[in-house]
2 protein chains.
Amino acid sequence: MWPHTKLTELLGIKYPIIQAGMAGGSTTPELVAAVSNAGGLGTLGAGYMAPEQMRKAIADIRERTDQPFGVNLFVPGAYEEDMQVIFQMQEYLKGIETRLGIQSTSNRKPGIYAESFAEQLSVILEENVPVFSFTFGIPDAAAIEALHSNQTKVIGTATTVKEALLLAERGVDAIVAQGSEAGGHRGTFLQSFESSLVGTMALVPQIADRVRLPVIASGGIMDGRGIVASLALGAAGVQMGTAFLSSFESGAHSKYKERILTSSDDSTVITRAFSGKPARGIKNEFITMMDTYGKKIPHYPIQNALTKEMRKAAAGQENTEYMSLWAGQAASLSQLASVEELMSRLIRGVTDTLHSIQE
Amino acid sequence: MWPHTKLTELLGIKYPIIQAGMAGGSTTPELVAAVSNAGGLGTLGAGYMAPEQMRKAIADIRERTDQPFGVNLFVPGAYEEDMQVIFQMQEYLKGIETRLGIQSTSNRKPGIYAESFAEQLSVILEENVPVFSFTFGIPDAAAIEALHSNQTKVIGTATTVKEALLLAERGVDAIVAQGSEAGGHRGTFLQSFESSLVGTMALVPQIADRVRLPVIASGGIMDGRGIVASLALGAAGVQMGTAFLSSFESGAHSKYKERILTSSDDSTVITRAFSGKPARGIKNEFITMMDTYGKKIPHYPIQNALTKEMRKAAAGQENTEYMSLWAGQAASLSQLASVEELMSRLIRGVTDTLHSIQE
């Protein structure tokens, strides 16, 4: 099974290791290309990118690798725009921005809350991206058909068996099983996120038993031990996000990398503070403030747009207390290294682990 | 490593599979002895048992097996006894008991809230129990010393790296790493349970890297796949609870077994409803009622004592909506079988899984 799995075959890659398409700037073209060049699948996290930025990043990746790579997008859902709730949050954020000594922009309504998914998808199609992965829902049948007639492989994200079954029915080629350990946004789209917080150890075999597609384990996987564990549970490969955040090629802020490298197993919480959608990150001051905010937090993507300037300014000030520090529950196993070094460590780790459990 | 691990050596067992010491009547002497006779370690869940009941059960186990077995107890902690909170809960429960048509006992103060840990521990010592495991804290140094001079192996339960380090410092012989997937009570004793909900995939390697003792993975492990995954993550063995609940030898109510066998990955929640302490079980009417109760739920073990008669009566009526249905997040993988059949399926599953991930 190692390194040849249903997933390596499907995606045309050497090792069944996918670098997660984390949005927000960490998945630089350098990172994506380095993972693909090392035999995994690099993924551009394009959820927050404008179409032209996507086009530029994809061209940049193609200059750096001739291997398959992926692009990840957020499938939009309906959301409520309550002006009273938005106004209250803007007032609150203005207070923080003033305290941080930054020019407040929170009294302005953002131009747009999120990029157009239709336009982003057009880029994927026009650029013939080898692999398209998505979270937060399922694109419509026409989109999946168009991707397939373009030879693009389509990967959906499930946090429960029900979501996996629906994704399979809609014709995806592989399914990421996102366990509760995973850093960043919960992919949940059918039920409440609380009832969809299933640990990787429990989620993977239950999904693997119910779908015939390759299952990609994610959540808490940081090294060769986690990769072998995932394959044992019935996965055909893994998706790893946090593990790549602290690589040299990652665009994550150096202070963010520092927080990851000094974290412990109990450092993270799931919060709606930064984007309006539940996501796992290292607990900081802004999360604590939102926990006791007492009023409604605007829905995604509104809250994401509202906190954007604050996060950007905090990053400029190297103040991690007001940045989103997405990370999984095993972030403490992170290492500062080049992607090449990290990938060879993973592959060596798999061999060592396989050896250690034999006899 | 398979079947020989640091754990099989420590406990003198053939396979590194521990049946969890679940309190509440499911771990009958038949179950415990059957697991030990099949080469695992059966464990009596004696948390709620009176000393005399324990003595009888231990004798019964010894009549059925000459193999090592374990007994599990709850380490008591300080708790607040707020009579107003207790009175309100008694009034509320009285309403439920009336609706269920059972003789209400909730207007009486329970004789005792919990059995005496000191007396329970004396039985462990006097009976020379081969393995003693515990949750909810750590027994004092004198107790651990007495157990050790009795040749009893001592196993503690950790839900975070911090708890594991403290257990190691206090001299336990092995540590159960209880992932967030696990059914039943959270073993958490240092922080809030919310900040200690770490998935098994993330928890096991982080603990294994920090302690030299054998680590026993638990939470979401139901078959050979989960066992191999645990060994890959660095565990020396596994503890499985839910998987044994639906065995023929288990004392769990037949309707409870039915709920486990028909559950799905999203069936469980963590609740304080039944005992006052957070525990994972299949969501039912009483949990929903406690979610909207609006007043304080008495602390453990008070709430456990208060709901005892209701749970007992509901069981008599085969009404699972008012029984505690402890189960892990992979309960749907359960099978109705004898322990002998289940154990040989686990062992075959390990071999099959090891074979499937090699090549």
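Strand 10 of chain B is joined to strand 11 (residues 279-282) of chain B by four bridges, and the two run antiparallel. The model is predicted, so local features need pLDDT of at least 70 and side-chain atom pairs count only at pLDDT 80 or more, while totals for chains, interfaces and linings use all residues. Residues are numbered from 1 along each chain as its sequence is written, chains are lettered from A and ligands numbered from 1 in the order in which they are written, and side-chain values use heavy atoms, with hydrogens and water left out.

Helices (H or I, at least four residues) and strands (E, at least two) are DSSP runs numbered from the N terminus, and two strands pair if DSSP finds at least two bridges between them. In chain B, an open sheet of three strands has the order 7-11-10, with antiparallel pairing. Its edge strands are strand 7 (184-185) and strand 10 (268-271), each of which pairs on one side only. Within this sheet, B:Thr271 has B:Ala279 of strand 11 as its bridge partner. Chain A also holds an open sheet of three strands in the order 7-11-10, with antiparallel pairing. Strand 7 (184-185) and strand 10 (268-271) of chain A each have a single partner strand, so one side of each is left without a neighbour in the sheet. Strand 7 of chain A is joined to strand 11 by two bridges, and A:His185 has A:Ala279 as its bridge partner.

The contact between the chains (heavy atoms within 4.5 Å) takes 43 residues from chain A and 43 residues from chain B. The buried area (accessible area, 1.4 Å probe, that two parts lose on being put together, summed over both) is about 3,500 Å², and carbon and sulfur atoms give 54% of this. On the side of chain B, B:Met201, B:Asp265 and B:Ile357 lose the most area, together 20% of what that side buries.

Four salt bridges (a side-chain nitrogen of Lys or Arg within 4 Å of a carboxyl oxygen of Asp or Glu) are counted between chain B and chain A. The elements that give two or more residues to the side of chain B that touches chain A are helix 7 (161-169), helix 8 (200-208), helix 9 (224-232) and helix 14 (339-357). Helix 9 gives the most, with seven residues.

B:Thr353 is placed in helix 14 of chain B. This residue is buried, at 6% relative accessible area (buried means under 20%, exposed over 50%, partly exposed in between, with a 1.4 Å probe and protein chains only). Apart from its neighbours within four places in sequence, B:Thr353 is in contact with A:Ala232, B:Gly224, B:Arg225 and B:Val228.

One of the salt bridges between the chains links B:Lys162 and A:Asp266 (2.7 Å, N to O). Another is formed by B:Asp266 and A:Lys162 (2.7 Å, N to O). B:Asp266 lies in the loop between helix 11 (254-261) and strand 10 of chain B and A:Lys162 in helix 7 of chain A, so the pair joins two chains. B:Asp266 is buried, at 11% relative accessibility, whereas A:Lys162 is partly exposed, at 41%.

Over all chains the count comes to 28 salt bridges. In chain A, A:Arg64 pairs with A:Glu30, with the closest N and O atoms 3.2 Å apart.
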